Amino acid sequence: MHDTHWFPAYVALGSNLDDPDLQLARAFDALAAVRGSRLVARSSAYRSAPLGPVAQPDFVNAVAGLLTTLAPGEFLAELKSIEERLGRARPVVRWGPRRIDLDLLVHGQARVNEPGITVPHPGIAERAFVLEPLAEIAAELIVPGVGRVRTLAARVRAARLARIAA
């Protein structure tokens, strides 16, 4: 008898090109089909001002909660595959516009810092556009080595973040 271990995994979704609401809907559908995984929670969509110096439209962001049997690296590879299938162009300008961006925020209790993968996501504690939707679906989640989502979100309330859809 083989015991399957399921790990909670949280993924940030972002888009600011080609009808971002549609891009997020397509990404949620693709996440629901990831092998060895189940999509169990989806946040509302949130609008946020873009980071960095590049002039571009506002982003629409959300967070997905999944249960997965995949290891962090395998799961991240699935996310990159979804980005490519949904039309993310490479290379994307740092801080630039994008059709779809999927970031692995948290994978169980994993703490990974290797070329190509850092879990928990290194920007999680500073980004309201990640923390607000994450708090909506997992306020009590403890991000390994970082802290409780509810507490982190309270620290970074952003002036330009507005909930746009349930």
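## Second largest pocket

A pocket is an open set of points, on a 1 Å grid over the protein atoms alone, where a 1.4 Å probe fits and protein lies on both sides within 12 Å along at least five of seven lines. In this predicted model, the second largest pocket holds about 180 Å³ of space, a volume being the space filled by probe spheres set on the points.

Its lining (residues with an atom within 4 Å of a point) includes L76, K80, D103, T118 and H121. Two or more lining residues come from each of α2 (72-85), β5 (101-107) and β7 (117-119), where helices are DSSP runs of H or I with at least four residues and strands are runs of E with at least two.

## The whole chain

The protein chain has 4 helices and 10 strands, and 46% of its 166 residues count as buried.

## Basis of the values

Residues are numbered from 1 along each chain as its sequence is written, and side-chain values use heavy atoms, leaving out hydrogens and water. Local features need pLDDT of at least 70 and side-chain atom pairs count only at pLDDT 80 or more, whereas totals for chains, interfaces and linings use all residues.

Notes
Buried < 20%, exposed > 50% of the residue type's maximum accessible area, 1.4 Å probe, protein only.
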